[in-house]
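Here is a short briefing to read alongside the model. Take a look at the sequence and the fold, then we can go through a few spots together.

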Amino acid sequence: MKTNITIINTQCANLSSVKFAFERLGYSAEITNDLNKIKSADKLILPGVGTAKAAMLNLQRLGLVEIIQNLTQPVLGICLGMQLLLESGLENGKSCGLGLIPGVCRRIPDQAGLPVPHMGWNDLEVQQSSALTAGLEGQSVYFVHSYYTDVPEEYLDVTADYGRPIPAMIHRGSVFGCQFHPEKSGAVGLGILEKFKEYVYENTARY
């Protein structure tokens with residue numbers, strides 16, 4: 001099986017830490033915005049830290065939006081990268097996302113005793129199984145975010161309790177998202193990256 005793992009260079013923070021996480025697993029990963037390398041990659045990571053609007057502008061400027069929208073390879077969006085998978089977001093006004101998973105990215109509501117951003121370790125609750133969810137029930141992972149992905153239940157795999165169920169993992173076909181940072185979540189997070197690396201997409205149709 002090939003191990004060609006490509007990290008899409010969104011020109012946001014957090015790229016190197018994702019690359020190092022795969023290297024700790026013994027796999028090579030390349031950070032790039034080269035269109036041909038992205039098109040030919042076996043598996044793609046879409047990471048990001050910052051605002052969705054800025055990240056989408058970066059992707060548009062680099063000519064990557066349409067490329068990502070038409071990929072058939074498995075894609076894993078991490079943190080902001082997961083939010084970009086949706087149709088739209090409401091951070092600093094409404095902005096378009098990549099439209100790979102139906103839904104809207106909304107700000108976490110203010111609640112007494114629960115500051116925003118949601119930052120720290122939270123336990124996971126598996127809502128439905130996917131290729132990445134085995135063994136995650138009750139495991140703790142690290143979050144840093146102010147917005148959440150409001151998606152239909154059929155795409156919601158895992159939640160975390162932060163005064164309300166916060167989507168932690170979503171997927172549609174071969175497109176997966178982690179709201180938390182697997183690269184900062186110890187052995188549990190590395191296990192998710194390992195599962196993604198091993199994931200074999202048997203049906204090339206996303207829909």
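Where does S174 lie? S174 sits in the loop between β12 (165-172) and β13 (175-178), where helices (H or I, at least four residues) and strands (E, at least two) are DSSP runs numbered from the N terminus. This is a predicted model, in which local features need pLDDT of at least 70, side-chain atom pairs count only at pLDDT 80 or more, and totals for chains, interfaces and linings use all residues. Residues are numbered from 1 along each chain as its sequence is written, and side-chain values use heavy atoms, with hydrogens and water left out.

- S174 has a relative accessible area of 0%, so it is buried (buried means under 20% relative accessible area, exposed over 50%, partly exposed in between, with a 1.4 Å probe and protein chains only).
- From S174 to N70 the distance is 12 Å, C-alpha to C-alpha, although they are 104 residues apart in sequence.

**Helix α3**
- In helix α3 (residues 52-61), the buried residues are A52, A55, M56, N58 and L59.
- Those buried residues line one face of the helix, because they fall within an arc of 155 degrees when seen down the axis of α3 (the arc is that of the directions from the helix axis to the C-beta atoms).
- L57 and R61 are exposed on the other side of α3.
- The cover over the buried residues of α3 includes β1 (5-8), α4 (65-69), α5 and β6 (95-96), with contact meaning heavy atoms within 4.5 Å.
- After α3 comes G63, with a positive phi near 75 degrees.

**Q83 in helix α5**
- Q83 is located in helix α5 (residues 80-84) and is buried, at 8% relative accessibility.
- A polar atom of the Q83 side chain lies 3.1 Å from the backbone oxygen of Y147.
- Leaving aside residues up to four places away in sequence, Q83 touches C105, H145, Y147, T149 and Q179.

**Cysteines**
- There are 0 disulfides in the structure (a disulfide is a pair of cysteine sulfur atoms within 2.5 Å).
- For C105, which is in no disulfide, the nearest cysteine sulfur is that of C79, 9.6 Å away.
- C105 is buried, at a relative accessible area of 4%.
- The closest cysteine sulfur to that of C96 is in C105, and at 13 Å it is too far for a bond.
- C96 counts as exposed, at 58% relative accessibility.

**Helix α6**
- The buried residues of α6 are V188, G189, L190, I192, L193, E194, F196 and K197.

Key:
A polar contact is a pair of N or O atoms within 3.5 Å; within protein, one must be able to donate a hydrogen and the other to accept it, and residues adjacent in sequence count only if both atoms are side-chain atoms.
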